[in-house]
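Subject: Structure handover and notes

Hello,

Here is the structure I promised to pass on. Please have it open while you read; my notes follow.

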Amino acid sequence: MNGKSTNNNEKKLNSDFSEREEMYSIGEASRLTGSTIKTIRYYDEIELLKPAWFTEGGHRLYSIEEIKRLELIHTLRYLDFGIEDIRKLLSGESQVAKALDFQIEVLETQVKSLVNMITILRGAKEKGIDEDSLCKIHHLVDSFSANVAEQKKYVYDKMEEMKIFDDVPLEWRYAFLHLFQVYILKDGKITARRTAIWNEIKELLNDPEFITVIRYRILPMVHMQQNSTIDVAVWKKKYQIYYRRLVAASQEKLSAESNVVQAIINDIASLVAKAGQSPDTVEYFQQFLEYLTYSVTDLTERFDTLCSLLNPEWKLLTEANTLLFSGVQCKLSRLKET
């Protein structure tokens, strides 16, 4: 018995030494991939790339598998992917095609921003602006940019044109628009990048097909005002609380079947139900699922991407909406089984 145990230990030791012969020190990993030692240590600290082994002295060792992963991380960083985006890609949490599309949007926006700035600078040069009149560039920038107040007015005017809120009390209109204002039209510095994104959003707000989808998206919330038992201030507060919970569940990677997510689904379903409508039936959740399905189009995905570029919080909301969709599917399946 002891002899057999000894043989097993010897095999394990031999296997360990064999593996360690193929290991690379952090310095070697740095030279092979072009990443700095400091960066590789940082990836270990944030658990993006853990060493395969440690020496008795506590030095990191990397196998060929970690070297390949490090090369991929280095390439994605070169392409300006964020750390969290890389983490989701490597874990399989994000679809590669969608991640690439989003990054293309990011880079295209940067290109438009640079073109915008080049146009302003060329205009300044043509006007003969020198060190004594640099302040005039401010007026050129203004001619290309819209401040937040102007953006808010544009959105409100566009909502009026869409006639979504014709029969909705004024206080409810502000409640709906408040959500857009909080996550997109936030006060802040106007930059060339923000201006380029805003111009894209304006194009969408003038697209009849996009307006039709947005109208359909908003209608369930419009129906809420018909329920006289819910005060607008209470509704707005509850809506934000429920979505914060959904965002937290998404970040914690909770499954759609979990009790936590299903409880949130029930709360949101009750909040957007029409007056007198039971939010716990197969019929209701079939309608809810149809609404969510119809609300996702190429145009709305582009809109979500642009809004995410303006405010990273919007990206969290879109990820939460993906969890909402899965949660509603799960809820509907459970109802059909009972």
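Leaving aside its neighbours within four places in sequence, which residues is serine 250 in contact with? Serine 250 is in contact with Glu319, Ala320 and Leu323. Contact here means heavy atoms within 4.5 Å.

Two points on the basis of all this. This is a predicted model, in which local features need pLDDT of at least 70 and side-chain atom pairs count only at pLDDT 80 or more, while totals for chains, interfaces and linings use all residues. Residues are numbered from 1 along each chain as its sequence is written, and side-chain values use heavy atoms, with hydrogens and water left out.

Overall picture

The protein chain has 16 helices and three strands. Both are DSSP runs, numbered from the N terminus: helices are H or I with at least four residues, strands are E with at least two. The chain has 338 residues, and 40% of them are buried. Buried means under 20% relative accessible area, exposed means over 50%, and partly exposed lies in between (1.4 Å probe, protein chains only). Take the contacts in the chain with a separation of 6 or more: residues 24 or more positions apart account for 69% of them. The accessible surface comes to about 20,000 Å². Carbon and sulfur atoms hold 53% of that surface. Areas come from the Shrake-Rupley method with a 1.4 Å probe; for residues, only the protein chains shown count as cover.

Serine 250 sits in helix H12 (residues 232-251). Serine 250 is buried, at a relative accessible area of 16%.

On the H12 side, Tyr243, Leu246, Val247, Ala249, Ser250 and Gln251 make the contact. H16 brings Leu316, Leu317, Glu319, Ala320, Asn321, Leu323 and Leu324.

Alanine 320 is buried, with a relative accessible area of 0%. Not counting residues up to four places away in sequence, alanine 320 touches Leu246, Val247 and Ser250. Alanine 320 and leucine 246 are 74 residues apart in sequence, yet 5.6 Å apart in space, C-alpha to C-alpha.

Helix H15

H15 (residues 298-310) has 13 residues. From first C-alpha to last it reaches 19 Å, close to the 18 Å expected at 1.5 Å a residue. The expected span is 1.5 Å times one less than the number of residues. Ten of the 13 residues are buried, so H15 is largely enclosed by the rest of the structure. Among them are Leu299, Phe303, Asp304, Cys307 and Leu310.

Aromatic rings

There are seven aromatic pairs in the structure. Tyrosine 42 and tyrosine 43 form a tilted one, at 6.3 Å centre to centre and 45° between the planes. Rings of Phe, Tyr and Trp (its six-membered ring) pair if their centres lie within 6.5 Å; planes under 30 degrees apart count as stacked, over 60 as edge-to-face and the rest as tilted. Tyrosine 42 is partly exposed, at 40% relative accessible area. Tyrosine 43 is buried, at 5%.

Phenylalanine 285 and phenylalanine 288 have ring centres 6.1 Å apart and planes at 35°, so this pair is tilted. Both lie in helix H14 (residues 282-294), three residues apart, about one turn of the helix. Both are buried: phenylalanine 285 at 0%, phenylalanine 288 at 6%. Phe210, Phe303 and Trp314 form one aromatic cluster.

Positive phi

Two residues other than glycine to look at. Glutamate 47 has a phi near 65°. Glutamate 47 lies in the loop between helix H3 (37-45) and strand E2 (53-54), and is exposed at 57% relative accessibility. Lysine 253 has a phi near 60°. Lysine 253 is in the loop between H12 and helix H13 (259-272), and is exposed at 55%.

Best wishes
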